[in-house]
Amino acid sequence: MKSMELVSNMKIGWNLGNTLDATGAEGLDSECAWGNPKTTQEMIDAVLEQGFNVIRIPVTWDGHLGAAPEFQIDAAWMKRVQEVVDYAYNRGAYVILNLHHEEWHFPSEENKEAASLQLAALWTQIAKYFEGYSERLIFEGLNEPRKKGTPVEWNDGDEEGRNVVNHFAQVFVDTVRATGGNNKTRHLMVTGYAAACCRNALQNIIIPKDENLIVSVHAYKPYDFALNITGTAKWDAKAGAEEIDVVMNDIKELFLDKGIPVIIGEFGAMNKNNEADRVEWIQYYMKKVKEIGVPCIWWDNNEFTGDGENFGFFDRTKMEFRYKNLLNAMINAVK
């Protein structure tokens with residue numbers, strides 16, 4: 001199956017956010033370090049039963065590694081990641097496995113060689129471990145590679161950062177392909193600088209020469225409504241639609257029209273006690289992604305209250321989706 005065909009089979013996805021990608025604790029305890037419960041088969045089943053058929057599993061491997069240059073992944077951590085992958089994979093879902101919240105791949109020329117060696121060491125191990133899995137398991141090289149803590153951290157970055165991120169993509173693809181077996185043709189997701197959806201970041205992505213690649217983009221649009229904590233809770237049908245249209249038109253022109261598939265690996269609109277507005281937003285958002293043929297994956301960090309980024313959707317403690325109207329609008333849009 002070619003990547004465009006594979007992507008066309010994806011309906012709607014869900015991110016297991018702030019879980020296996022959490023940091024700050026030792027060993028297997030890190031899964032719950034940010035306050036989320038341990039992932040169970042029942043959780044994943046509850047998501048899939050609603051009509052989701054893609055599960056993205058963000059994983060932070062840093063903190064579970066041995067010393068350079070081998071960077072041996074802790075066996076217990078690898079086994080736990082596999083258990084969670086299997087929760088979804090064994091139910092017939094598409095599963096996306098990535099590197100998330102890593103602190104070692106600052107995209108500068110000075111750090112490029114060292115980071116490339118670590119990137120290759122990690123993906124060699126991961127790819128070999130999961131080599132026997134079918135094409136329903138997709139590898140995503142990096143999450144949002146960017147110059148953290150600098151004025152160019154977000155949006156389109158700078159030329160150096162974009163070039164180094166492109167280099168990382170090539171290292172990732174070459175590394176996975178070299179492990180052989182099913183990995184020779186496995187579908188791989190590559191990302192541009194910060195996974196940004198602005199045009200300059202997108203048009204500067206250099207895609208490695210390979211038949212089974214998918215571009216990963218993150219699009220929390222419109223920003224003030226979807227992602228800006230101090231932004232608006234009101235959906236503006238005109239201005240909001242225009243902001244979404246720009247992103248979708250750029251994705252179509254730069255990739256889809258050239259036969260390059262795209263997955264929006266993260267999207268969402270945080271809770272601002274505005275479910276009715278979010279329903280109107282999701283109806284328009286899903287209409288646009290369906291028109292161009294791009295599946296998208298809701299970022300769910302299981303946070304519902306407080307002054308943070310409340311992208312919680314499926315309550316993993318109560319085992320229920322909190323916002324039924326939003327859920328229905330999303331699922332109905334992809335039927």
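Biologist: Is the crossing of H3 and H4 left-handed or right-handed?
Modeller: In this predicted model, H3 and H4 cross in a right-handed way.

Biologist: Which residues make that contact?
Modeller: On the H3 side you have Met78, Lys79 and Gln82, and H4 brings Gln125, Ile126 and Tyr129. By type, that contact splits into 3 nonpolar, 2 polar and 1 charged.

Biologist: And what angle do H3 and H4 pack at?
Modeller: About 50°, with the axes 12 Å apart. That angle makes H3 oblique to H4.

Biologist: OK, how about H8 and H9, at what angle do they cross?
Modeller: Roughly 20°, and their axes come within 10 Å. H9 covers residues 275-292. Angles under 35 degrees count as roughly parallel, so H8 is roughly parallel to H9.

Biologist: Left-handed or right-handed, that crossing of H8 and H9?
Modeller: Right-handed.

Biologist: Which residues of H8 and H9 meet there?
Modeller: From H8, it's Ala241, Ile244, Asp245, Met248, Ile251 and Lys252. They meet Trp281, Tyr284, Tyr285, Lys288, Val289 and Ile292 of H9. Sorted by type, the H8 and H9 contact has 9 nonpolar residues, no polar ones and 3 charged.

Biologist: Switching to cores. How many residues are in the largest nonpolar core?
Modeller: It has 96 residues, and the ones with the most contacts inside it are Trp61, Leu97, Ile251 and Phe267. Ile251 is also one of the H8 residues that meet H9.

Biologist: Which element gives that core its largest share?
Modeller: H3, with 8 residues.

Biologist: What is Leu97 in contact with, leaving aside neighbours within four places in sequence?
Modeller: Quite a list: Ile57, Val59, Trp61, Val81, Val85, Trp123, Ile126, Phe130, Leu137, Ile138, Phe139 and Glu140. Ile126 is in there, and that residue is also part of the H4 side of the contact with H3.

Biologist: How many residues does the second, separate core have?
Modeller: It has 11, including Val7, Val54, Ile138 and Met189. Ile138 is in contact with Leu97 too.

Biologist: New topic: where is Pro261 found?
Modeller: In the loop between H8 (239-254) and strand S7 (262-267).

Biologist: Buried or exposed, that Pro261?
Modeller: Its relative accessible area is 4%, and buried means under 20%, so Pro261 is buried.

Biologist: What does Pro261 touch, not counting residues up to four places away?
Modeller: Ser3, Met4, Val7, Leu213, Ile214, Val215 and Leu256.

Biologist: How many residues apart along the chain are Pro261 and Leu213?
Modeller: They're 48 residues apart, yet their C-alpha atoms are separated by 7.5 Å.

Notes
Residues numbered from 1 in each chain as written. Predicted model: local features only at pLDDT ≥ 70, side-chain atom pairs only at ≥ 80, totals over all residues. Heavy atoms only, no water. Axes fitted to C-alpha atoms, helices over the stretch in contact; angles between N-to-C directions. Helix = DSSP H or I, 4+ residues; strand = E, 2+ residues; numbered from the N terminus. Parallel < 35°, antiparallel > 145°, perpendicular 65-115°, else oblique. Left-handed = near helix turned anticlockwise from the far one by under 90°. Contact = heavy atoms within 4.5 Å. Nonpolar A, V, L, I, M, F, W, Y, C, P; charged D, E, K, R; others polar. Core = buried A, V, L, I, M, F, W, Y, C linked by side-chain atoms within 4.5 Å. Buried < 20%, exposed > 50% of the residue type's maximum accessible area, 1.4 Å probe, protein only.
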